[in-house]
Amino acid sequence: EQQTEEVEVFSTPSYACQRRTTLDNHNAVLTDALSLLAENAELSGEDGRGVAFRRAAAALKALPLPVTRLTQLGGVPCLGGHSLRVIKVLTGIFGVGVKTAGRWIGEGILTLRQLRDSGPTLNRAQRAGLRHYDDLNRPVGRAEAAAVAAVVEAAAGSVLPGARVTLIGGFRRGKQTGHDVDFLITHPEEGREAGLMPKLVSWLDSQGFLLYQKTNSNSYLEAAEGPARPASNMDRFERCFSVFKLPEEAGRGGAGAGGEGGPRPWRAVRVDLVVSPVSQFAFALLGWTGSKLFERELRRWAGHEMNMCLSSHALYDHRQSRYLRASSEEEIFAHLGLEYIPPSERNA
Ligand code: TTP
Ligand code: MN
Ligand code: MN
Ligand code: MN
């Protein structure tokens with residue numbers, strides 16, 4: 001769901017008569033859904049809305065590839081109005097992508113209320129996403145990030161003394177708010193970090209800090225990776241997508257107010273946890289600090305300009321046919337022949 005694969009942003013001329021639209025439609029799920037909306041609008045006499053939906057469907061029909069991210073649609077005309085709003089509300093649910101949203105629209109589900117009422121089968125992530133919709137769409141502030149950090153540090157310190165917790169992602173780049181809080185965890189002694197995530201998660205769970213979690217185990221093997229298999233951008237660390245139940249501190253009154261129940265003593269916060277062996281720490285740190293575009297450009301530079309392959313695990317030099325080691329981000333920039341750029345200046 002969160003891997004940083006290359007995603008094309010589409011740009012399309014506004015008028016259908018400026019575009020070549022063939023019968024081969026890569027976005028049938030979405031266009032079917034929009035056509036259905038058009039029909040409903042027309043049946044209830046709202047011709048203007050009907051045409052708007054038809055235009056939106058047609059714009060999607062002309063795309064050369066399936067849409068996987070909403071952000072790809074920035075340059076697609078006719079999607080500015082109601083169509084995009086409907087898709088946005090549904091994909092605003094943690095665990096729901098464009099494809100699922102399209103399917104639901106096709107089933108006539110356009111709002112969160114309809115989703116709650118008509119009850120299509122939701123998976124665990126989507127149930128958590130729907131239940132905590134407002135919290136998860138409310139930006140996380142620095143103070144909240146610090147509060148989450150304190151919890152994660154307590155957890156790590158308790159299950160693996162000596163473990164080091166580093167704030168990564170947007171907050172490491174100095175952002176004041178984020179859509180989640182990201183952490184990288186390691187241990188100075190190689191190998192001690194193995195199997196850490198399940199212990200961390202069960203500690204957090206036992207203390208009542210988890211509303212949702214999905215853990216993936218480490219599947220990275222340098223040997224298997226090899227030069228012949230330029231590592232995919234998706235990394236293979238032990239990682240955990242989670243939703244924390246973060247107690248609201250007294251004194252930050254109001255911020256936690258939500259829903260019919262009035263002020264609540266906690267809020268839901270998306271938290272990403274990643275565990276890396278210390279030998280890969282610098283690569284993981286660089287790869288998880290972002291921004292996403294900065295990462296993508298680093299990999300493009302490495303490949304096109306240096307004949308190297310950069311991942312969050314390692315840097316492989318094709319000319320020398322060997323991995324280049326690094327224990328700091330500075331060393332990685334040096335290997336890449338780039339001037340060092342600190343996190344606060346990676347907000348591309
Ligand atoms: P995000 O948390 O999605 O983005 P962010 O922290 O920059 O912004 P926000 O404030 O909205 O949370 O991702 C954090 C970084 O992790 C980002 O640079 C991309 C990187 N990353 C992944 O998300 N998934 C991966 O598999 C890898 C290797 C990196
Ligand atoms: Mn983040
Ligand atoms: Mn994240
Ligand atoms: Mn390329």
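**Exercise 1. Work out which residues of helix H2 are buried, and which helices they pack against.**

Solution. Begin with the terms: helices (H or I, at least four residues) and strands (E, at least two) are DSSP runs, numbered from the N terminus, and a residue is buried if 20 or more other C-beta atoms lie within 10 Å of its own, exposed if 12 or fewer, and partly exposed in between, with C-beta atoms placed from the backbone. By this rule the buried residues of H2 are Ala 52, Phe 53, Arg 54, Arg 55, Ala 56, Ala 57, Ala 59, Leu 60 and Lys 61. The next step is to look for their partners, and the buried residues of H2 pack against helix H1 (28-43) and helix H3 (82-91); here two residues are in contact if their C-beta atoms, placed from the backbone, lie within 7 Å.

The model is predicted, so local features need pLDDT of at least 70 and side-chain atom pairs count only at pLDDT 80 or more, while totals for chains, interfaces and linings use all residues. Residues are numbered from 1 along each chain as its sequence is written, and chains are lettered from A and ligands numbered from 1 in the order in which they are written.

**Exercise 2. Find which residues UniProt lists for "binding site", and describe where Asp 180 and Asp 182 are found.**

Solution. The unreviewed UniProt entry lists Asp 180, Asp 182 and Asp 272 under "binding site"; such positions are given in the numbering used here, feature names are shortened, and annotations may be inferred rather than shown by experiment. These residues are spread over 93 residues of sequence, yet they cluster in space, with a largest C-alpha distance of 7.3 Å.

Take Asp 180 next, which is found in the loop between strand E3 (177-178) and strand E4 (181-186). Asp 180 counts as buried because it has 22 C-beta neighbours inside 10 Å, and, leaving aside neighbours within four places in sequence, its contacts are Val 140, Arg 270, Val 271 and Asp 272.

Asp 182, by contrast, is found in strand E4 itself, and it is buried because 24 other C-beta atoms lie within 10 Å. Not counting residues up to four places away in sequence, Asp 182 touches Ile 168, Gly 169, Asp 272 and Trp 288.

**Exercise 3. Explain why E4 is largely enclosed by the rest of the structure, and state which strands pair with E4.**

Solution. Six of the six residues of E4 are buried, so the strand is largely enclosed. Val 181, Phe 183 and Ile 185 point one way from E4, whereas Asp 182, Leu 184 and Thr 186 point the other way.

For the pairing, recall that two strands pair if DSSP finds at least two bridges between them. Strand E2 (residues 164-168) pairs with E4 in the antiparallel sense over five bridges, and Asp 182 in E4 is the bridge partner of Ile 168. Strand E7 (residues 266-275) pairs with E4 in the parallel sense, over five bridges, and there Val 181 stands opposite Val 271.

**Exercise 4. Decide whether Asn 307 and Ser 321 are buried or exposed, and give the phi of each.**

Solution. Asn 307 lies in the loop between H13 and strand E8 (308-310), and its phi is positive, about 55°, although it is not a glycine. With 12 other C-beta atoms within 10 Å, Asn 307 is exposed.

Ser 321 is found in the loop between strand E9 (315-317) and strand E10 (322-324), and it has a positive phi near 50°. Ser 321 is exposed, because 8 other C-beta atoms lie within 10 Å.
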